[in-house]
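Please consider the following note on the chain shown below. The points are set out for a reader who is new to structural description.

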Amino acid sequence: MPEALVGIDVGTSGVKGVAIDADGRVLATASAEYPLSRPHPGWSEQSPEDWWRAATDVLGRLPEGPVGLSGQMHGLVVLDAEGDVLRPAILWNDQRTAAEAAEIEERVGLARLVELTGNRALIGFTAPKLLWLRRHEPEVYARIRHLLLPKDYVRYRLTGELAIDAADASGTLLFDVRERAWSEEVCAALDVPLEWLPQAFESTEIAGAGDQAAAALGIGVARPGPVSVVLGTSGVVFAVLPEYTIDPQARLHVFCHAIPQRWHAMGVMLSAAGSAAWLRDVLEADFGTLDAAAGRWGPGAEGLLFAPYLVGERTPYPDPDIRGAFVGVSAGHDRGALWRAMLEGVAFGLRDSLELLRELGAEPEVGRASGGGARSELWLRIVASVLGLPLELTESEEGSAFGAAMLAGVRAGTFADADEAVSRCIRVTRRVEPEWDYDDAYARFRRLYPGLKALNA
């Protein structure tokens with residue numbers, strides 16, 4: 001058996017790597033950063049060569065062993081017949097493709113698109129980017145012979161293999177998520193040649209997964225029961241489904257999981273820890289000071305509510321134009337009250353996603369918390385109480401790279417399957433129980449969006 005299992009995560013700001021042993025103990029970590037290019041307002045691009053340089057740098061500082069890959073989803077890398085990159089990659093957070101997303105829903109039909117791909121055509125997904133190239137850069141489009149996603153370009157440079165996993169392919173809008181194969185129907189409707197698409201495998205076959213699936217595996221969310229609760233810049237609630245099921249309104253994303261014949265659904269709110277970073281800067285205080293001030297206020301902060309829609313919202317409201325608000329501010333409220341209301345507002349946004357997951361058949365038993373916001377004890381207590389779920393923290397904080405290393409172990413035979421990898425590598429270190437009743441406050445929060453939407457009309 002290999003002495004080390006290596007996970008590489010090709011993220012938006014850099015590559016992170018981790019080496020673990022067969023029991024999930026971290027042996028070493030490394031990282032390398034690269035720039036983000038915004039050549040026009042709303043655009044977001046990177047050079048695939050930067051990913052490759054960073055990945056080789058990180059691999060050179062880690063023990064040798066089988067390598068698993070995770071990475072930012074939805075990005076578009078286009079190669080010519082010789083395998084050379086034709087232009088900078090268009091990333092998941094690029095905003096240029098509103099017209100192409102609408103075109104996809106018209107060509108395929110919204111209901112049929114959701115049935116096949118588990119999702120509606122959001123501007124961040126891969127297929128709208130390809131249609132944008134066809135319309136705006138026809139000379140580049142004419143030379144395309146291969147499409148890849150970010151981490152799969154790194155695999156191509158490492159191995160020469162043009163391949164993708166079902167978990168990451170689910171975010172392209174070109175993949176039949178139920179059948180776990182490229183959708184001939186969608187590709188035909190969009191005039192996308194099937195021969196451009198890499199061969200699709202299960203994540204365990206090629207040791208790779210999109211970052212959300214890999215991160216969930218890396219905290220042990222492999223079967224129905226536990227849900228992943230991510231308090232990162234954006235907030236995610238992620239549940240493994242008992243079977244493939246879609247939300248007809250596509251308020252949730254439904255993708256293949258990193259485990260064969262398992263699917264997951266997730267809700268994404270755009271400003272979770274992002275709300276905390278914004279308010280910290282406005283109040284000009286550190287997180288510890290603000291948590292202490294918020295702790296002097298009781299649940300609900302005497303009627304103060306925060307709508308966490310600072311940059312629009314995705315779940316349950318796919319609305320890029322909505323904006324946030326504090327409601328119910330009185331002369332008696334101070335910065336501690338504002339901070340507590342912000343923490344609670346994000347938790348209410350996460351509960352919106354949890355309730356939708358329950359509608360799809362998820363029966364959550366416990367949340368596994370991760371992300372920078374999970375370092376706040378007060379926020380964990382609030383989120384546990386709002387969700388009505390105990391929250392657990394796991395030993396490793398290496399996220400997607402840790403899940404990728406576990407997938408490397410499955411492919412190498414260190415683990416018989418992903419379930420054995422979870423049982424051997426994932427250890428819960430602590431548990432936070434719900435302690436406050438937030439049902440009435442959540443019901444008031446649910447009335448915020450319609451009111452704010454009316455104001456913006």
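This is a predicted model: local features need pLDDT of at least 70, side-chain atom pairs count only at pLDDT 80 or more; totals for chains, interfaces and linings use all residues.

1. The chain exposes about 17,500 Å² (Shrake-Rupley method, 1.4 Å probe), and carbon and sulfur atoms supply 49% of that area.

2. Residues are numbered from 1 along each chain as its sequence is written, and side-chain values use heavy atoms, with hydrogens and water left out.

3. The chain contains 18 helices and 22 strands, which are DSSP runs numbered from the N terminus (helices: H or I, at least four residues; strands: E, at least two). The radius of gyration, taken over C-alpha atoms, is 21 Å, close to the 23 Å from the globule rule (2.2 Å times the number of residues to the power 0.38), so the chain is as compact as a globular protein of 457 residues.

4. An open sheet of seven strands has the order E16-E17-E15-E14-E20-E21-E22, with mixed pairing; two strands pair if DSSP finds at least two bridges between them. Strands E16 (253-256) and E22 (428-432) stand at the edges, each with a single partner strand, so one side of each is left without a neighbour in the sheet.

5. Within this sheet, strand E14 (residues 226-231) runs parallel to strand E20 (residues 366-370), and five bridges join them. Pro 226 has Val 366 in E20 as its bridge partner.
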